[in-house]
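Have the structure open and follow along, strand by strand.

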Amino acid sequence: MRIPRNYRNAALNASKAKARELREAIRTARTGPCLIPLNEEDGPCSPELNNCHLIGINHLKPIAKNGHVYEWDMIQIPSVTNNWIFHGTLSEDLTQNSFGEIHPADINIQKCTRRAVCKTHDGPVFRVADRLDLDTEAPEHQFKMGFRAIAGSLALLESLIDFTKGISGEAWLNEFWVSKGLAGDVERHLDNGRHILERRARGIQKELARWQELYLAKDQRESRIISSVGTMTPMIRVACSSIYYPRPGKGVALNIIPAQTGRKATIVVTTRKSKSIVEHFRGHGGQKSALSGIRDQIKLLFEEDPETAIVQLAQNTLHFLVSKEDFDNPNILTETQRHTIAVSMANTLHVEN
Ligand SMILES: [Zn+2]
């Protein structure tokens, strides 16, 4: 039977409203501790966590259209068994069975935040990394960008973990599960999804702990960081602040900061110095360091092959935003390319199970 258009629209609008409500719930779900360690200079934590921009709003404005950008929330979808519960609830097409494709979500740049640190500590690291006069070549700024990328990545994951705890047992969840014609125990799937997220979070927690140590040992802040900085003119304007895994278990902090004017962007890849990481990322003799290799690869992809670049970055980072204007521009991406991207995103999830 054909469903009358006005009913369909009503259902679609209801699902969009639900998706927005859930996004907001995830954004503010994190209750965990402030991710900046206590030091005497900064003072004690304030009781409340702040909604922190993981990429400074001043750096997002150049890629936004009417204050909005596109975002992929790949992380909210840990495996095919569990993924759709997150993707399905968050995508704006709840009424359709469209798990074969994952499209980016439209998001207000004011809401590209997570509760990562308390009000007192938002300034010392997060607000400095937001500044317009951020000097991407300065070691202290590189440290703060890297620290925020890793703390922000953990906050994103923990927001989702806390969210899944909060929705457990809610009636709409069961209804949604049944409406999709899927069998099985929804709570069990939710638990499985959460365990996968928790495992990922533990890996980032370990890395963050090392950055927290460096933050406290101020005199080593500069000398213990290795960065590679480059500039690109991407076909599609993007922004990123995330932990990034170029190889299994080898995470680095990746930041892509759009320039205030024009199409240029700065790529900063940062890691902390430690014996094993230096060996791994520095290369030998005349060999290029792995950090500058990552930077050059990202630059090349975004300048020449935006379709592959988007898929790669969305799959490998936790916080990755794209200009709507560029993404929807048929002179930059064809309809077929956009479709390919959406299918690639969905396929990743299927093999990951
Ligand atoms: Zn604090």
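Start at Leu-254: its bridge partner in β8 is Val-269. Look the other way, and Leu-254 in β7 stands opposite Ser-242. Keep in mind that this is a predicted model.

To count as buried here, a residue needs 20 or more other C-beta atoms within 10 Å of its own.

On one side, β7 runs antiparallel to β6 (residues 238-247), and six bridges join the two. There are six bridges between β7 and β8 (residues 265-272) as well, again in the antiparallel sense. β6 also pairs with β9 (residues 320-322), antiparallel over three bridges. In that pairing, Val-238 has Val-322 of β9 as its bridge partner.

| Hairpin | Residues between the strands | Glycine and phi |
|---|---|---|
| β6 and β7 | two residues | Gly-249, positive, near 80° |
| β7 and β8 | six residues | Gly-262, positive, near 70° |

**The whole sheet**

Now zoom out. These strands belong to an open sheet of seven strands with antiparallel pairing, in the order β3-β2-β9-β6-β7-β8-β5. Which strands sit at the edges? They are β3 (105-108) and β5 (225-232), each of which pairs on one side only. Going from strand to strand, neighbours in this sheet are turned by 30° against each other on average, ignoring direction.

Helix α5, made of residues 139-167, packs on the sheet. The strands touched by α5 are β5, β6, β7 and β8, and its direction makes about 80° with that of β6.

**The chain as a whole**

Finally, some totals to set the sheet in context. The protein chain comes to 12 helices and nine strands. It has 353 residues, of which 41% count as buried. Take the contacts between residues at least 6 apart in sequence: 80% of those join residues at least 24 apart.

Note on methods. Residues are numbered from 1 along each chain as its sequence is written. This is a predicted model: local features need pLDDT of at least 70, side-chain atom pairs count only at pLDDT 80 or more; totals for chains, interfaces and linings use all residues. Two strands pair if DSSP finds at least two bridges between them. Helices (H or I, at least four residues) and strands (E, at least two) are DSSP runs, numbered from the N terminus. Axes are lines fitted to C-alpha atoms, for helices over the stretch in contact, and angles run from 0 to 180 degrees between N-to-C directions. Two residues are in contact if their C-beta atoms, placed from the backbone, lie within 7 Å. A residue is buried if 20 or more other C-beta atoms lie within 10 Å of its own, exposed if 12 or fewer, and partly exposed in between; C-beta atoms are placed from the backbone.
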